[in-house]
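Please read this briefing with the sequence and the 3D view side by side, and look up each residue as it is named.

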Amino acid sequence: MNVSIGMKAPDFTAMTTFGPIKMSDNKGHWVILFSHPGDFTPVCTTEFVEFAKANDKFEALNTKLIGLSIDSNPSHLAWVNQIYLLTGVQIPFPVIADRMAEVAGLYGMIAPDASKQETVRNVYFIDPQQIIRAILIYPLTNGRNIYEILRLLTALQTTDKNKVVTPANWQPSSPAMIPPPQTYNQMLERINEPAKMELNCMDWFWCYKDLP
């Protein structure tokens with residue numbers, strides 16, 4: 001099964017380094033569910049260190065991190081402990097043990113043309129209503145940019161809060177955009193009175209809005 005944007009996140013119960021969890025128990029929070037190819041691998045280790053360092057930023061955005069790979073819980077525990085011994089960084093979020101690839105199968109985390117034994121680097125952005133809002137997929141060979149994950153999460157939350165859209169390369173605190181008009185009268189309003197609507201318009205379909 002492959003999930004897609006707009007779908008309800010498939011529910012599951014799984015064992016993790018923090019004990020059993022159920023996806024639906026996270027309702028009311030954003031969730032970043034991410035898979036990694038394997039424990040005790042160099043790229044995954046750097047990703048986990050960076051996720052851990054950014055955990056406070058995710059928590060400030062009402063967001064829970066949940067990791068996953070097709071490794072056992074003892075392997076996960078040994079690995080996160082080794083990360084702590086080597087770097088002094090504790091992994092403050094649960095890591096799912098998915099030996100039978102049950103969760104990986106639900107979410108389509110295995111790309112069989114890349115590897116049939118490992119998950120690729122999937123990232124699922126799940127909103128407080130348990131709807132999948134965005135999906136990023138990185139290959140086995142290349143680590144994720146944690147700041148891009150934070151940026152996209154912030155953009156999604158900004159869209160929901162302010163009913164706006166965000167332009168290319170948008171950064172928090174930068175102007176957002178408003179969706180294009182749906183009627184002729186809305187188009188005329190933007191052409192004739194953009195300042196009244198507190199808009200800065202390049203054209204009737206292309207308008208920026210400062211955020212509070």
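Ile149 touches Ile32, Phe51, Phe58, Val123, Phe125, Leu136 and Arg144, where residues up to four places away in sequence are not counted and contact means heavy atoms within 4.5 Å. This is a predicted model, in which local features need pLDDT of at least 70 and side-chain atom pairs count only at pLDDT 80 or more, while totals for chains, interfaces and linings use all residues. Residues are numbered from 1 along each chain as its sequence is written, and side-chain values use heavy atoms, with hydrogens and water left out.

**Nonpolar cores**

- Phe58, Phe125 and Ile149 are the residues that touch the most other members of the largest nonpolar core, which has 29 residues; such a core is a set of buried Ala, Val, Leu, Ile, Met, Phe, Trp, Tyr and Cys residues joined through side-chain atoms within 4.5 Å.
- Buried here means under 20% relative accessible area, exposed means over 50%, and partly exposed lies in between (1.4 Å probe, protein chains only).
- At least two residues of this core come from each of strand E3 (30-35), helix H1 (42-53), helix H3 (73-87), strand E6, strand E7 (132-138) and helix H5 (146-162); helices (H or I, at least four residues) and strands (E, at least two) are DSSP runs, numbered from the N terminus.
- Helix H5 gives the most to this core, with six residues.
- A second, separate core has 19 residues, among them Ala14, Val103, Ile126 and Ile132.
- In soluble globular proteins, nonpolar side chains tend to be buried together.

**Aromatic pairs**

- The count comes to 11 aromatic pairs, under the rule that rings of Phe, Tyr and Trp (its six-membered ring) pair if their centres lie within 6.5 Å, with planes under 30 degrees apart counted as stacked, over 60 as edge-to-face and the rest as tilted.
- The rings of Phe12 and Tyr107 have centres 6.0 Å apart and planes at 85°, so this pair is edge-to-face.
- Because Phe12 lies in the segment before strand E1 (13-16) and Tyr107 in helix H4 (residues 102-107), their pair ties together parts that are 95 residues apart in sequence.
- Both Phe12 and Tyr107 are buried.
- Tyr107 also pairs with Tyr124, and since the ring centres are 5.3 Å apart with planes at 65°, this pair is edge-to-face as well.
- Tyr124 lies in strand E6 (residues 121-126) and Tyr107 in helix H4, so the pair ties together parts that are 17 residues apart in sequence.
- Phe34, Phe48, Phe51, Phe58, Trp79 and Phe93 form one aromatic cluster.

**Salt bridges**

- The structure holds seven salt bridges, each being a side-chain nitrogen of Lys or Arg within 4 Å of a carboxyl oxygen of Asp or Glu.
- Glu47 and Arg121 meet through their side chains in one of these (2.8 Å, N to O), and the pair links helix H1, which holds Glu47, with strand E6, which holds Arg121, 74 residues apart.
- Glu47 counts as buried at 2% relative accessibility, and Arg121 counts as buried at 2%.
- Glu47 forms a salt bridge with Arg144 too, the closest N and O atoms being 2.8 Å apart, and here Glu47 in helix H1 is linked with Arg144 in the loop between E7 and H5, 97 residues apart.
- Arg144 counts as buried at 8% relative accessibility.
- Salt bridges that share partners join Glu47, Arg121 and Arg144 into one network.
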